[in-house]
Amino acid sequence: MTTADGPWRPDEERPLTARSVVASTLLGVRPPRLPTRDLVGACELFGISDGTARVAISRMVAAGELEATDGGYALTGALLDRSTRQDLSADAATRAWRLGDGWTMAVVVGEARPAAERTALRRATAALRLAERREGVWLRPDNLPAGGLPEAEARVAAQCDRFTAVPAGDPAVLAAALWDLAGWAVRARRLVAALDRTEAALAAGRRAALPEGFVLSAAVLRHLQADPLLPPVLLPDDWPGPALRHAHRTWRRAFETTWATRARAARADAGGA
C-alpha cells in the first residue's frame with residue numbers, strides 16, 4: 001500500500017531534533033510547563049543526550065521560545081501562541097451556521113507591503129482558518145467565534161478590509177475548492193487507526209510504545225490545526241474530524257498513564273544511583 005492509503009508510520013513525520021522534542025512535549029501538556037528532568041527525559045526517548053537536550057533548551061530560552069520557571073521551563077512567545085491555536089483546534093468550538101448564512105472575507109488594502117508583513121499576514125490568515133481564493137483575498141464561512149486569537153485577528157484587521165459575503169453558487173462546492181477535504185479526511189482516518197493500534201500497547205503498559213506514541217500525538221495535533229472547522233452542512237458525509245478528536249482524547253489517557261509510570265521509574269533510578 002502507498003503512504004496515502006496505508007497505515008500511518010512514524011517515519012513519515014519530520015525527524016525530531018532536541019528542540020522539536022522539547023517543544024512537542026510542552027505543547028502536549030496543560031499548562032505548558034514542565035520540570036527540566038521531564039524535558040530531558042523526553043529527549044532520552046529518542047537517543048538525545050542530556051547535554052544536547054540542555055543546549056537546545058538554553059537556545060530556546062535565548063530565542064524567546066521558553067522561559068525559566070521554578071525548576072523547569074514554560075512555553076512563551078510564538079510557541080505559546082501555537083499552544084493556544086492547538087487548544088482551539090482540539091476544542092473545535094464553532095457557531096451555528098446554515099446554508100445561506102454569510103461568509104467572512106478579508107481583502108488586502110493599501111500599498112505594497114514588505115515581505116515580512118506579507119508573510120506575517122499569511123500566517124495570521126492560516127491561524128484563523130481563512131482560505132485564499134486569489135492573491136490578497138481570503139474567506140471562510142462565518143462560523144468561528146471571535147476573540148480566540150487576538151494577535152492574528154489584529155494583524156488581519158490592520159492589513160485587510162473585512163466583509164460579510166454570500167456565495168452566489170453552491171457553498172459546498174466552494175468549500176471543496178478552497179480546502180482539500182478529501183485529503184484531510186484520508187490522513188485523519190489513518191491517524192485514528194494508528195491511535196487505536198498504539199492505545200492497546202500503551203494500555204498494557206508497554207513503555208516501548210512511548211516514542212511512537214509521542215510522534216503520533218504530535219502528528220495528530222498538527223493535523224487538527226489543519227482542520228478548516230467548516231459547518232457540517234459543507235462537509236462530506238462521515239467527516240472524521242470528531243472521530244479523530246475523540247480517539248486522541250481517549251488515547252491520551254493511556255499515554256499519560258504510561259508516561260507517568262516511566263517518569264516515576266526514572267526518578268527512582270536517579271535517586272538510587
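**Reading contacts, rings and strands**

Apart from residues up to four places away in sequence, S89 touches R129, L224, Q225 and R245 (contact means heavy atoms within 4.5 Å).

User: Happy to start there! What should I know about the model and its numbering?

Analyst: This is a predicted model, where local features need pLDDT of at least 70 and side-chain atom pairs count only at pLDDT 80 or more, while totals for chains, interfaces and linings use all residues. Residues are numbered from 1 along each chain as its sequence is written, and side-chain values use heavy atoms, leaving out hydrogens and water.

User: Is S89 buried or exposed, and which side chain does S89 join in a polar contact?

Analyst: Buried means under 20% relative accessible area, exposed over 50%, and partly exposed in between (1.4 Å probe, protein chains only). S89 has a relative accessible area of 1%, so S89 is buried. S89 lies in helix α4 (residues 77-91); helices (H or I, at least four residues) and strands (E, at least two) are DSSP runs, numbered from the N terminus. A polar contact is a pair of N or O atoms within 3.5 Å; within protein, one must be able to donate a hydrogen and the other to accept it, and residues adjacent in sequence count only if both atoms are side-chain atoms. Here the side chains of S89 and R129 are joined by one of 2.6 Å.

User: Now the rings, please. How many aromatic pairs does the structure hold?

Analyst: Two values describe a pair of aromatic rings: the distance of the centres and the angle of the planes. Rings of Phe, Tyr and Trp (its six-membered ring) pair if their centres lie within 6.5 Å; planes under 30 degrees apart count as stacked, over 60 as edge-to-face and the rest as tilted. The structure holds four such pairs. One of them is W184 with W239, stacked at 4.9 Å centre to centre and 15° between the planes. That pair links distant parts of the chain, 55 residues apart: W184 is in helix α8 (residues 181-203), W239 in the loop between α9 (210-225) and α10 (241-272). W184 is buried at 5%, and W239 is buried at 13%.

User: What about F255 and W259?

Analyst: F255 and W259 are stacked too, 6.0 Å centre to centre with 25° between the planes. Both lie in helix α10, four residues apart, about one turn of the helix. Together with W251, F255 and W259 form one aromatic cluster.

User: And which strands pair with β4?

Analyst: Two strands pair if DSSP finds at least two bridges between them. Strand β4 (residues 103-108) pairs antiparallel with β6 (residues 137-141) over five bridges, and six bridges join β4 to antiparallel β7 (residues 160-165).
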